[in-house]
Amino acid sequence: MRVTFAGAKILPTDTPTADVAKLLRGAGLRPTRQRVALAHLLFAEGDRHITAEALHEEAIARKVPVSLATVYNTLHQFTEAGLLREVAVEGAKTYFDTNTSNHYHFFCEHSGRLMDISTGKIRIEGLPEAPDGMAISRVDVLVRLVSKTGR
């Protein structure tokens with residue numbers, strides 16, 4: 001399997017720590033031991049959607065000593081640096097997406113699963129003009145799903 005970091009060159013999942021550190025530095029982040037470990041966990045499986053709690057559980061399972069607060073802080077730092085995209089689903093429910101391209105999502109209300117919608121399947125027309133001095137940075141679309149059977 002190969003890993004991409006926000007448009008950087010493609011790297012194998014067994015990338016040495018020094019290479020991940022270089023990528024983090026390139027994004028303006030100091031490559032602390034915990035950031036490097038979390039970056040390996042986040043990007044080793046290709047594009048994915050993950051919550052802070054799920055990443056924390058993965059880290060603990062892989063013997064990465066990190067607090068939930070540190071996971072949250074790191075995810076927000078990665079988002080600010082352009083390595084992740086934050087997808088707000090409900091008030092307190094936020095996913096972090098390793099695919100930072102402009103795309104949309106399905107959200108399964110029963111399972112809590114977030115899935116990408118194929119590019120080109122949605123067209124948005126009639127966007128209002130941004131107020132003076134402002135520009136539209138992106139448009140988020142979240143299509144909520146429920147089972148047809150009601151389960």
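The model is predicted: local features need pLDDT of at least 70 and side-chain atom pairs pLDDT 80 or more, while totals for chains, interfaces and linings use all residues. Residues are numbered from 1 along each chain as its sequence is written, and side-chain values use heavy atoms, without hydrogens and water.

- Asn 99 lies in the loop between S5 and S6 (strands are DSSP runs of E, at least two residues, and helices runs of H or I, at least four, numbered from the N terminus).
- Asn 99 has 15% relative accessibility and therefore counts as buried (under 20% relative accessible area, 1.4 Å probe, protein chains only).
- Leaving out residues up to four places away in sequence, Asn 99 touches Asp 47, Arg 85 and Asp 116 (heavy atoms within 4.5 Å).

**Aromatic pair**

- The whole structure holds one aromatic pair (ring centres of Phe, Tyr or Trp, the latter by its six-membered ring, within 6.5 Å).
- Tyr 95 and Phe 107 form this pair, with centres 6.2 Å apart and planes at 65°, which is edge-to-face (over 60 degrees).
- Tyr 95 belongs to strand S5 (residues 93–97) and Phe 107 to strand S6 (residues 105–108), twelve residues apart.
- Tyr 95 and Phe 107 are both buried.

Conventions. Rings of Phe, Tyr and Trp (its six-membered ring) pair if their centres lie within 6.5 Å; planes under 30 degrees apart count as stacked, over 60 as edge-to-face and the rest as tilted. Buried means under 20% relative accessible area, exposed over 50%, partly exposed in between (1.4 Å probe, protein chains only).
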